[in-house]
Amino acid sequence: MERAINILRKSELFRSMEEKDLDAMGQTLEKRTVQEGETLATQGDTATFFFVLKTGTLLIALNDGKSAVVNKTGDFIGLELLSSKGIYISTLTALTSCEIVVIPRNAFLGFIQNDSSAAETFMQVWSAYRSRTFPFLTEQDTPDMDYHY
């Protein structure tokens, strides 16, 4: 079974990280298998995990009927855990059986709070990824999502 840290190396968000930083982040990772139909996060709930997809297909759905599908190794979901409100803005459901890596919120926050260059990189990559994957999700849709790092 592939090590969780190797999945991070395939993610656009983490691939520019130094090896020592990846190793540090790797200490907090947990690999999970998710069954088809399982809900990983619900819109409005406290954001407790950041998710990185290894295999499978996940549906990211907003209450207004807009949605997106992610299905590539390294796709990531849940960066709203960095927001001042720390709540999920979407519901995340497995459309197929999936293998994912989860990073607990406190571990993710602790890491980026100790490395401002990593935090800046994460936010830049997240912004570009969000624009490509969720073109319907604009800044105006999430006015209270001030990020802290």
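Residues are numbered from 1 along each chain as its sequence is written. Because the model is predicted, local features need pLDDT of at least 70 and side-chain atom pairs count only at pLDDT 80 or more, while totals for chains, interfaces and linings use all residues, and side-chain values use heavy atoms, with hydrogens and water left out.

**Confidence.** Colour the chain by pLDDT, the predictor's confidence in each residue on a scale from 0 to 100; the chain mean is 81, and 88% of the residues reach 70 or more. Then select residues 139–149, where pLDDT stays under 50 and for which the model has 31 contacts beyond four places in sequence (a contact means heavy atoms within 4.5 Å).

**The sheet that begins with E1.** Strands (E, at least two residues) and helices (H or I, at least four residues) are DSSP runs numbered from the N terminus, and two strands pair if DSSP finds at least two bridges between them. Select E1, E8, E3 and E6, which in that order form an open sheet of 4 strands with antiparallel pairing. Strand E1 (30–34) and strand E6 (76–77) stand at the edges with a single partner strand each, so one side of each has no neighbour in the sheet. Strand E3 (residues 49–55) pairs with E6 over 2 bridges in the antiparallel sense, and Val52 stands opposite Phe76 of E6.

Strand E4 (residues 58–61) pairs with E5 over 4 bridges, and Ile60 has Ala68 as its bridge partner in E5.

**The largest pocket.** Finally, display Lys72, Asp75, Tyr129, Arg132 and Thr133, which lie nearest the pocket's centre among its 15 lining residues. On a 1 Å grid over the protein atoms alone, a pocket is an open set of points where a 1.4 Å probe fits, with protein on both sides within 12 Å along at least five of seven lines, and lining residues have an atom within 4 Å of a point. Helix H4 (116–133) and strand E5 (67–70) each supply at least two residues of the lining, and H4 gives the largest share, 3 residues.
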